[in-house]
Amino acid sequence: MPRKKIDLPGQIDHLSILDEDGKLDESLDPGLPDELLIKLYEAMVLGREFDRRMLNLQRQGRIGTFPPITGQEAAHLGAAAVLQADDWMVPSFRETAAELWRGRSMESVLMAFNGFNEGFHVEEGRNDLPNSVPVGSQVLHAVGIAWAMKYRKEKRVAMAFFGDGATSQGDVHEAFNFAGVFQVPAIFVCQNNQWAISIPRSQQTRSKTIAQKALAYGIEGIQVDGNDILAVYAAAAEAAERARNGDGPTLIECVTYRLMMHTTADDPKRYRTEEEVESWQKKDPIHRFQSYLKEKGIIDEDGIADVEASVKDRIQEAVDTAEKQMAETPDPLHMFAHVYDTMPPHLEAQREQLAQWRNNTGEEE
Amino acid sequence: MTDDQKELRTLTYRDAIREAIHEAMQKDARVFLMGEDVGRYGGCFAVSKRLLEAFGPERIRDTPLSESGFVGAGIGAALGGMRPIVEIMTVNFSLLAAVQIINNAAVYLYMSGGQFNVPIVIRMATGGGRQLAAQHSRSLEGWYAHIPGIKVVSPATLEDARGMLWTALQDPDPVLIFENAGLYNMEGTLAGDAGAVDIDKAHVQRAGKDITIITYSANLYKSLEAAEILAKQGIDAEVIDLRTLRPLDDQTFLASVAKTHRALIVDEGWRSGSISAEISARIMEGAFYELDLPVERLCSVEAPMPYAKHMEDAVLPQVDKIVALVRKMVGANG
């Protein structure tokens with residue numbers, strides 16, 4: 001009975017297609033059509049500009065706390081872009097560019113981050129779940145959705161998003177394990193942005209990569225340069241094909257960086273250095289993609305200016321519409337409407353009591 | 001109706017639940033059962049015995065040992081158009097899935113502005129009295145009944161064991177079904193055509209005029225037994241089975257208290273911050289001037305459940321304690 005090595009599948013790929021300067025590795029070029037490349041570029045710029053605008057609105061007290069996405073546009077948009085309309089996207093809360101890509105309105109984002117449940121309404125035809133806040137718990141929902149699709153023999157996939165911090169949560173591991181055991185068509189997209197509020201990636205896990213956790217669950221895993229939209233897209237497309245073919249789930253670790261604060265209630269200067277932030281600014285996903293597109297000759301300076309101008313117009317329009325909607329403060333009594341499908345008697349009584357109280361204190365219009 | 005359907009059959013509480021699952025699976029292809037050991041093993045309490053043979057592993061799903069995992073996946077499946085029945089072995093392990101139940105299933109409808117509901121049914125065994133010690137003997141159904149957004153039901157009778165599941169599956173809200181493990185072997189008769197029952201009304205199980213005993217689940221039988229003993233002593237107790245702990249049907253017990261003017265609550269949960277406290281408060285709010293004397297409560301002793309049999313018996317509500325309390329309340333001598 002000797003002591004010997006067990007033969008395990010022990011390798012994890014790292015995929016990078018566009019380098020920091022936007023130079024393409026032609027052997028890995030996923031060959032996306034020009035129109036799609038331009039669309040992706042516009043969506044990244046929209047995500048970035050919308051973030052900037054929301055930060056201003058937040059600082060002016062016009063919306064509440066929100067989690068900026070700046071720096072992570074490629075890492076989530078590149079993955080969501082491979083989904084079909086009838087696939088499911090299960091977001092966390094820092095995938096705004098991907099949600100807008102899927103058809104979420106900017107008005108809805110603004111309302112959600114200003115405390116209006118209406119902002120979590122998912123538009124008809126968009127097969128997404130609303131944002132999920134309990135960290136990591138939504139990953140299991142994607143597994144359940146994928147399971148349901150497999151049961152119905154549909155060739156659809158469910159894609160879940162979560163951060164590096166979430167990979168320390170039991171629910172995420174339970175999700176990997178379930179998905180592996182039942183070979184469901186799920187894609188797990190980790191936004192490894194290096195920081196879970198103030199806890200650095202190195203203190204989150206002793207593992208060299210997050211992607212390698214896939215090995216332990218017997219599922220496919222890959223690490224990609226999350227600031228390289230072509231790499232993220234290519235890895236996600238491969239995962240989607242695997243899932244649709246019935247060959248099980250994939251974990252994709254997108255190595256990226258949260259250039260801004262965790263949420264607007266956070267000040268990252270308290271726990272990380274300016275040098276670190278600057279080193280990641282050089283790896284900016286939009287900058288390198290723009291260089292690539294210019295090099296490829298499908299956009300020029302005028303085109304870039306046009307995209308920026310049109311994006312800003314769209315954002316302004318959305319802010320105007322959302323603020324108009326939010327000015328009509330909904331009746332607080334509305335809070336009773338969706339606790340249950342049908343309001344039970346004790347809630348009716350509490351609703352009545354609150355209405356009465358508001359009447360007496362003159363708050364009722 | 002054929003004679004077959006009318007005929008009473010003898011079966012156990014366990015059989016009644018199994019029949020309910022079987023029927024639901026037959027009627028609706030979206031229904032499936034999942035949990036630990038529900039397939040090959042037939043369920044920790046043998047509720048799902050032979051269902052794997054009948055429906056196959058796609059619909060009777062043995063899962064890895066992770067409560068949050070299968071409850072979370074169940075929520076996802078429900079959001080994705082299925083009607084999952086999730087079995088958690090006992091309420092004690094449901095604590096591992098508390099985030100999924102309380103922080104997800106219970107608030108999904110609310111947080112999505114009425115758009116996404118989670119039509120999941122989660123069944124679990126509850127209760128003590130079987131010498132399983134502190135970590136396996138909890139009665140936390142009252143604790144779950146504190147949470148807005150979920151429904152909490154606790155079938156005591158064969159009719160309810162047979163009939164609540166289908167109604168729960170039709171309900172668009174998440175429903176938790178608590179099955180007291182001491183009831184699984186209980187045998188009784190059920191009509192051949194027994195089927196769905198409501199999950200929003202308490203039932204008067206024994207009519208009486210001297211005192212109202214409000215209870216649910218396994219303590220229903222202790223209360224009924226006590227009522228029979230009391231009847232021989234000339235005390236006529238009304239016994240109410242709550243059936244549903246959230247939303248609570250207070251109209252039924254308030255009407256009863258208005259008639260008897262005395263109320264005793266018998267609850268296996270701990271006393272402080274319990275469903276019994278809520279019932280007591282509602283009686284105070286809704287029937288204060290009907291009361292001849294303060295509401296009394298008989299609950300489990302507020303200590304972790306002991307392992308030793310005689311100590312466990314001492315912790316739980318028992319027939320003799322109910323009898324003694326009622327006698328004291330109605331002012332009976334001796």
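Author: Cys44(B) is partly exposed, with a relative accessible area of 33%; buried means under 20%, exposed over 50% and partly exposed in between, with a 1.4 Å probe and protein chains only. This is a predicted model, in which local features need pLDDT of at least 70, side-chain atom pairs count only at pLDDT 80 or more, and totals for chains, interfaces and linings use all residues. Residues are numbered from 1 along each chain as its sequence is written, chains are lettered from A and ligands numbered from 1 in the order in which they are written, and side-chain values use heavy atoms, without hydrogens and water.

Reader: And Cys254(A), buried or exposed?

Author: Cys254(A) is buried, at a relative accessible area of 0%.

Reader: Turning to chain B, what is its radius of gyration?

Author: Chain B has 20 Å, in agreement with the value near 20 Å for a compact globule of 334 residues. The radius is taken over C-alpha atoms, and the globule rule is 2.2 Å times the number of residues to the power 0.38.

Reader: How much of chain B is buried?

Author: Of its 334 residues, 61% count as buried. The C-alpha atoms of chain B fill a box of roughly 60 × 50 × 40 Å along the principal axes.
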